[in-house]
Every structure is written in C-alpha cells, then in structure tokens.
Amino acid sequence: MSFFEIQNLSKQYAGRPVFQDLELNIGSGEFITLLGPSGCGKSTLLRCMAGLSRPDQGSLFMAGEEITHLPPQKRGIGMVFQSYALFPNMTVQQNIAFGLRMQGLSLSKQHQAVQEMVELVELTGKELAMPDELSGGQKQRVALARALVVRPRLLLLDEPLSALDARIRRHLREQIRAIQQRLGLTTVFVTHDQEEALTLSDRIVLMHEGKIVQAGSAESLYTRPASRFAAQFIGQFNLLTATEALTLLGRTVNGHLAIRPESITLDPVTPSKLKGRVLDHQLLGNVIRYRIDCRGVILKVDALNRDAANLLPAGHEIGLSVAEPELCEVA
Amino acid sequence: MAADTSVHPTRAPLRGRRWRAIHYHQLVVASLMALLLLPIAATLVYSLSNRWGATILPDGFSLGWYLQLWSEPRFLAAFARSLLVCAGTLLLAIVIVVPAAFVVFYYYPKLDRWMNLLILLPFAMPPVVSSVGLLSLYADGTLPIIGTPWVLLGCYFTIILPFLYRALANRLQSLDLHSLMEAAQLLGASAPRAFLCVVLPALRKSLFAALFLSFSFLMGEFVFANLLVGTRFETLQIYLYNMRSTSGHYTSAVVMSYFLITLILTWIATRFNR
C-alpha cells in the first residue's frame with residue numbers, strides 16, 4: 001500500500017479547471033518531484049495535499065487514513081514555502097520552536113529539539129538572529145528546520161529554491177536531499193527547474209495543463225520522453241517531424257523523433273555519414289552546443305568542452321552519426 | 001605673483017558652494033525647529049514666571065503656578081476624565097479595528113477599497129456640523145448619551161479610526177499575510193491562535209505608533225468635548241477653556257503640564273514597545 005494516495009482529484013478556480021481526475025501514489029520515504037511549467041497545477045496540487053486548498057472532487061489518503069477534509073493543523077504535514085514565510089517578529093530559534101510551542105512541549109524539550117535542528121541545517125550561531133538579518137539561503141534553512149522539527153509524516157516544498165542564486169541553490173538542494181535521506185522522510189518537491197528535478201528525485205511527475213503526462217525515474221524521463229511536451233520540457237531534444245526523420249535518417253515514424261544533443265556524434269566527413277554544416281556555437285561551460293544545418297534541418301549537438309583550440313568554426317563541414325537506441329519516438 | 005598651482009583652480013569655488021549648501025540646509029532645519037519650539041518655549045517660560053509684563057525677561061521665576069495647579073482638585077479631576085476617555089477610546093478602537101483590519105485583509109481583501117472610503121468620512125464632516133447631528137440624535141430618545149462620556153467615546157472612535165486603520169492596513173499589506181497564516185496553521189495553530197501569536201506581534205509597532213498619535217490628538221480635542229459634553233463632563237481642554245479668564249501663567253502651567261504628561265506617557269510606551 002502507498003503511503004500517500006491521490007484519487008480522482010479535481011480542482012477549479014473561477015470555473016476554470018486547474019486539474020481533473022488526478023491519480024498519484026507516493027511510497028513511504030520516497031522523494032517525488034512535481035515538475036512542470038508555471039500554471040500547470042503543481043502548486044495547487046501541493047496546497048490541496050497540505051489542506052490549504054479544498055479540492056472540488058476526489059480523495060486524499062495518508063497512511064491509509066482519509067485526510068481530504070482534515071484541517072491543515074491536524075494532518076501532520078510540514079511545508080516549506082517559496083517565500084519562506086518566516087514569522088517576522090520571532091528570532092530563528094523562536095521560529096523553529098513555534099510548532100513545538102503549539103504542541104505544548106516543555107521549554108527544555110523545545111530548546112533541545114531546536115538545537116538539534118539548528119545543527120542539522122548548519123545555522124549554529126544564528127539562533128538569536130531576526131529573519132531580516134538573514135540571507136536568502138539562511139532563511140530557507142530556517143524554514144526547513146521549522147517544518148522538520150515537528151517530525152511531520154510528509155514534507156512538502158513549494159519551489160523553495162527559486163528565489164536563490166545558482167550556487168546557493170545547488171548547495172541547498174544537496175542539503176535538502178541529504179536531510180531527507182537521513183530522516184527517511186516522504187517528500188514532495190515542486191519545481192519548474194528540470195535540473196533540480198533530475199538531481200533530487202527518486203521519481204519525477206511531469207505535469208502539463210493539469211494532467212500528469214509522465215511519471216518515472218529521472219533516467220527514464222530524460223532518455224525516454226513519452227510525449228512531445230516531455231521531450232521539449234526535459235533536456236534540449238531535437239524534435240524531428242516524420243518528414244525530417246525520413247529525409248535525414250530514412251526512418252518512418254508516426255509522430256516525432258526525439259534525439260538528445262549529446263547523442264549525436266561529430267566525426268570527420270565520410271560518404272556514408274550524414275553531413276552537416278556548422279552554423280554557430282554556444283559555450284555552456286563544460287559543454288559546447290553547436291547548431292548544425294543538416295539538409296535544411298537545424299540540429300543541436302552538444303560536445304564536451306575539452307579543447308578551445310578545436311572549436312568548430314561556422315561554415316565547417318562535419319559528419320554526424322547517432323546510435324539507433326538513442327532515437328526516441330514520441331507522439 | 002606666481003599663481004598658486006598647488007590649489008586646483010576650481011576647488012575654492014566648489015568648497016564655497018558646498019559650504020553654503022550644507023549651512024543653508026542647517027539654517028532651514030534650525031529655523032523650522034525654532035518656529036515649532038518657540039511658542040512652547042515661550043509658554044514654558046511664562047508658566048515659570050511670577051510676572052511678565054512689558055519686559056524682555058520675566059520679573060522672577062518660580063514653580064508656584066505648578067504647585068497651585070497640581071493641588072487643584074478640579075484640574076486633577078479634569079485630567080483624569082481626559083485620560084479615562086482617551087484610554088477608553090483607544091481600547092475600544094483596538095478591540096474593533098484590529099480584528100476588522102485583519103478580517104478585511106485575510107478573508108475579504110476586496111473590502112479594503114470600501115474601508116478606505118469609510119475612513120475618509122470623518123474628515124469630510126467639520127466637527128461643528130457633526131456635533132449638531134449628534135446632538136439631535138442622542139440628546140433624548142432611546143439613547144440619551146449627550147453630556148456623558150459615552151458620546152465622547154463613540155465620537156473619538158470615529159476620529160482615530162482613519163489613523164489606526166491606515167497604519168494597520170499598511171503593515172498588513174507589507175506582510176505576506178496568507179503565507180504566514182498558512183505556515184502557522186501547518187505548524188498546529190488554529191486561525192485565531194495564528195492571528196494572536198504571529199500576526200498581532202507583527203502589527204505591534206504600527207499599532208502603537210498609531211495609538212500614540214491618536215492619544216496626543218485626543219488629549220488636545222476640544223470641539224466635540226465642548227459641544228457634546230461641556231461642563232457636565234469637564235475634560236482637560238474644557239477646563240483650560242473655562243480657566244481662560246484667570247491668570248495666563250496658570251493656563252500656561254496647565255498647557256505645559258498636559259504637554260509634559262503626554263510626552264512622558266509616549267516615551268514610556270515607546271520604550272515598552274522596543
């Protein structure tokens with residue numbers, strides 16, 4: 001039996017459906033990411049799970065118990081908000097202790113639990129700081145500690161890293177993942193950033209226009225997108241139409257053919273190979289992304305940035321090849 | 001004479017312009033402070049002087065007027081009445097306006113527009129005109145409260161409503177109110193408890209600032225007090241008005257006493273609010 005079950009869940013705002021008949025099962029200790037573009041319904045789904053929004057239809061079960069109509073304070077769910085939602089008139093330790101105070105724990109037990117959390121999120125020395133004295137990353141760690149200290153059964157994170165710079169974001173998501181694994185906490189993470197989803201999750205649930213379009217491991221979503229939307233949203237797939245697939249590869253497809261940029265190999269030109277002409281390149285750090293014109297079809301090709309001297313100039317003729325298993329047909 | 005090449009040719013004029021700019025601003029501020037403080041200073045000196053006729057300085061200084069004032073039962077009673085009405089009004093305002101502002105911003109944000117119109121109404125009506133209306137409504141009939149402190153309580157409440165609501169509204173707008181309430185509820189607090197433990201402390205500074213302003217304003221209110229209660233409930237301002245034909249030194253001592261008390265109370269409350 002799953003730890004958390006969403007059955008036939010529907011929600012609409014002002015007559016417009018946000019999602020309809022959603023079904024999702026989450027295992028105990030699993031780290032699930034709800035991934036999708038803005039407006040796809042992932043945050044609304046999270047709020048329904050937390051009890052902050054009431055679904056119009058459907059049921060929610062946690063550990064076998066129905067919680068659909070339970071108020072948020074009785075669900076045993078912790079949540080970290082995008083805006084942190086730290087209580088502005090309380091210090092870091094008062095913020096973290098708030099949930100324990102509501103539970104009526106003694107001051108000594110509150111203090112002990114708070115100290116443990118402060119060490120876990122690496123905020124030692126900041127206990128007496130006010131929220132406006134903290135950096136964005138520190139605020140997010142306080143919000144995380146506050147949600148964890150009450151030992152929730154389920155942890156929800158609503159785009160907690162979106163307001164932070166790239167370096168802090170990378171560090172914090174590793175920290176979140178490490179803490180989640182250490183505590184074995186069932187976690188649902190909402191993001192529109194595919195890199196976060198791919199690096200953090202046991203399973204990714206890809207949403208589009210209120211529907212779950214694909215759910216699976218990061219590996220399966222990345223290498224085997226099930227739809228054109230998934231191929232366009234995850235990674236930088238080259239999407240060939242049926243005509244283009246036939247022209248370039250001699251392959252007949254029903255929908256589209258998705259090819260990952262890193263799957264295309266660049267070789268010297270030979271008669272047997274597909275030939276292309278380099279249009280331009282982009283330096284993405286450790287990867288160089290070439291745009292190559294191949295019989296009128298513009299392909300994105302990624303190559304490791306090994307040697308600046310061997311950059312292919314614009315106009316250069318190059319051979320291309322791609323292994324058959326790397327080709328993915330999508331609807 | 002050789003030119004002084006060690007000094008930049010434009011530095012002397014720049015220094016002069018800068019000096020004039022700084023001292024001009026200081027002069028403006030000092031003049032403004034003098035304009036505001038001079039009447040208070042003059043009143044203070046007058047209240048401490050035995051006699052001050054057509055001379056630059058008074059004939060002598062003493063605390064006699066203050067001693068006379070603070071041993072006068074009528075003054076003490078008037079002062080107590082003013083404090084009572086002010087405190088009662090502020091308490092009534094806290095009990096009504098604070099929850100109302102929260103409910104508007106949390107549950108019915110579209111009502112804020114109508115609240116902004118409502119709080120403008122007291123400014124639209126001159127005190128004398130609204131006093132006439134209040135007199136006809138409450139002089140007799142089912143609620144004859146003219147001449148009693150109750151009519152002042154209600155009337156003063158409408159005076160301070162705009163200050164209090166606006167201060168709270170500004171603060172509530174700057175808070176991410178819904179996220180704070182949701183975070184508190186997810187941590188086990190009910191909505192009322194979340195309001196008391198999270199939102200109210202965050203409103204404290206704005207609330208107190210509005211209360212201090214309102215207190216000072218109400219202590220100096222005369223028109224409504226004179227027209228609605230008059231000598232039947234003699235407040236400090238009515239007392240001051242009634243004493244106008246006695247010694248100017250004495251009335252100056254009344255003014256300085258009320259000014260000083262208001263200052264001390266505000267200072268204590270500010271310290272308490274840190």
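**Exercise 1: a strand pair in chain A**

Task: In this predicted model, find how strand β1 (residues 4-13) and strand β2 (residues 16-26) of chain A pair, and over how many bridges.

Solution: 
- Start with the direction of the strands: β1(A) and β2(A) run in the antiparallel sense, and their pairing covers seven bridges.
- Next, pick out one bridge: A:I6 has A:L24 in β2(A) as its partner.

**Exercise 2: two helices in chain B**

Task: Describe how helix α3 (residues 73-106) and helix α9 (residues 191-219) of chain B pack.

Solution: 
- Two values are needed here, because packed helices are described by the angle between their axes and the distance between the axes.
- For α3(B) and α9(B), the angle is about 145° and the axes are 10 Å apart.
- From α3(B) they include B:S82, B:C86 and B:F102, and from α9(B) they include B:F195, B:L211 and B:M219.
- Sort the contact by class: 11 residues are nonpolar, three are polar and none is charged.

**Exercise 3: where the chains touch**

Task: Work out how many residues each chain brings to the contact between chain A and chain B, and which element of chain A gives the most.

Solution: 
- Chain A brings 18 residues and chain B brings 14.
- On the chain A side, β6 (77-80) and α2 (92-103) each supply at least two residues.
- The most comes from α2(A), with four residues.
- By class, this side of chain A has 12 nonpolar, six polar and no charged residues.

Note on methods. Residues numbered from 1 in each chain as written. Chains lettered and ligands numbered in written order. Predicted model: local features only at pLDDT ≥ 70, side-chain atom pairs only at ≥ 80, totals over all residues. Axes fitted to C-alpha atoms, helices over the stretch in contact; angles between N-to-C directions. Contact = placed C-beta atoms within 7 Å. Nonpolar A, V, L, I, M, F, W, Y, C, P; charged D, E, K, R; others polar. Pairing = 2+ DSSP bridges.
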